[in-house]
Amino acid sequence: MGSALTISERFTAFFKAVPGIDASLDLARRRAATIGGAVLLGLVAIAFAWAGDTAQKVFRAFAAVHPYAPLVMTPAIFAAVVFITRRWAPAARGSGIPQVMAASENLELARSPLLQMRTAITKLLLTVTMLLAGGSVGREGPTVQVSAAIMVACHRVLRVPMTAGVLIAGGAAGVAAAFNTPLAGVAFAIEELAAAFEQRVAVLVMGAVVVSGLVSLGIAGDYVYFGAMRQTLEVGSVVMIAPVAGILGGVLGGLFSRLLLACARGEHPLLAAMRSRPVATALICGLVVAVLGVVTGGSTWGTGYETTRLMIDGQQSASPWFGPAKFVATAATAISGAPGGIFAPSLSVGAGFGELLSYVFSGDPMPAVVLLGMTGYFVGVVRAPLTAVIILMETTASRGMILPLFLTAIIADTASTLVCREKLYHGLSRGFLAKG
């Protein structure tokens, strides 16, 4: 009697006897983990976007009533967020994209706090808190890290082996859901997340992007992130403006990347002192962001989305100081070490830079010149020209500008390389690989 098989054991033995059943069940689990993860990350991305937008509105409403309160509140929140991050969730600091890159290169890190749900939830909450304090952060980088963490959790629950392709797919779907740009999600996976892009990974990426995109489409609707931009440029104008936007934008973006990499691991005594006193550094960075916000009437606080959208729509131009001030605010926020991305703020800096170019090329449509400025600077920072062009084409519905965008992006990538040879996200990921 003791050797008799139970009903469950007989059932399992029966199915194992069927040829190919193990492989079929394994494939079903893999697909369920990918589809379930993509659905969940799409929902989380939508909720995160709503929370971030609400936080910015609350902060602006508060600052309108108490215009000088941010001079105290913003530095205090910066310091508190960095203290909490360093003390309880060090893997949640910064953008989030370097963390996913590090885990893709070393899969052991996928089981570390780098991509745990606890870290992901903390990152979401702290990024929203930064927006509630006027921090110049974006939600795209955090969405990438959170999306990868969700994929890891789903695969762990269903006992599916983790692969680099799964992390790449989750990160790509995160970009797609954050901007409502499915093509940009695929391009980002090719250029940034995947060092060696294979067909099998491509299918996984596109599948995850499609599912998360459908979730976003079903709930948030079909929207263009920055609004439709219909203006185009004549060939003569393109030949004049694209090289200028590409060279200057690439140099400025390269300087931004070089500054962040230096602050992350530079050996200068001042940089070492800043890293040894992270809370004090965050306090000073917060004060810089607060002062810039007060001086510019609040335009440099948050992602800069509203100001950029008005410029793209051609409804309103920003102050000539918007671009330089946003550059400093974004750099100060990133240097603080607080959780938050640099995608959206970099696009806003690029828009401000493009507006300055429009004063030089006053005979051409300002929105079109602004778009080239955004491309030049954004490529200079992230060094992903294909992703930049597709993101801007999808977020502005400006298909008529695709050739000028590509020309600007190619020139900006070359110019940025001369200033900062190492790609920003790859350089930052080395810090996480070293600790892994």
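**Helices and loops**

Guide: A kink of about 25° sits at Ile-241 in α10, shortly before the proline Pro-243; the bend is the angle between axes fitted to the seven residues ending there and the seven starting there. This is a predicted model, where local features need pLDDT of at least 70, side-chain atom pairs count only at pLDDT 80 or more, and totals for chains, interfaces and linings use all residues. Residues are numbered from 1 along each chain as its sequence is written, and side-chain values use heavy atoms, with hydrogens and water left out.

Visitor: How far apart are the end C-alpha atoms of helix α10?
Guide: Helices are DSSP runs (H or I, at least four residues), numbered from the N terminus. The expected span is 1.5 Å times one less than the number of residues, so the 31 residues of α10 (residues 235–265) should span 45 Å. That agrees with the model, where the ends are 44 Å apart.

Visitor: At what angle do the axes of α16 and α18 cross?
Guide: Axes are lines fitted to C-alpha atoms, for helices over the stretch in contact, with angles from 0 to 180 degrees between N-to-C directions. Helix α16 (residues 366–382) and helix α18 (residues 402–419) have axes that come within 8 Å, and they cross at roughly 35°.

Visitor: Which residues of α16 meet α18?
Guide: Contact means heavy atoms within 4.5 Å. On the α18 side, the partners include Pro-404, Leu-405 and Ala-412. From α16 come Leu-371, Leu-372, Thr-375, Gly-376, Val-379 and Gly-380.

Visitor: How many residues of α7 are buried?
Guide: Buried means under 20% relative accessible area, exposed over 50%, and partly exposed in between (1.4 Å probe, protein chains only). Helix α7 (residues 164–179) has 16 residues. It's mostly covered, and the buried count is 15.

Visitor: Why is Pro-161 called partly exposed?
Guide: Pro-161 lies in the loop between α6 (140–157) and α7, where it touches Arg-30 and His-155, not counting residues up to four places away in sequence. Pro-161 counts as partly exposed because its relative accessible area is 42%.

Visitor: How far apart in space are Asn-106 and Thr-163, C-alpha to C-alpha?
Guide: Asn-106 is in the loop between α4 (97–105) and α5 (117–132), and is partly exposed at 23%. In sequence, Asn-106 and Thr-163 are 57 residues apart. In space, their C-alpha separation is 10.0 Å.

Conventions:
Helix = DSSP H or I, 4+ residues; strand = E, 2+ residues; numbered from the N terminus.
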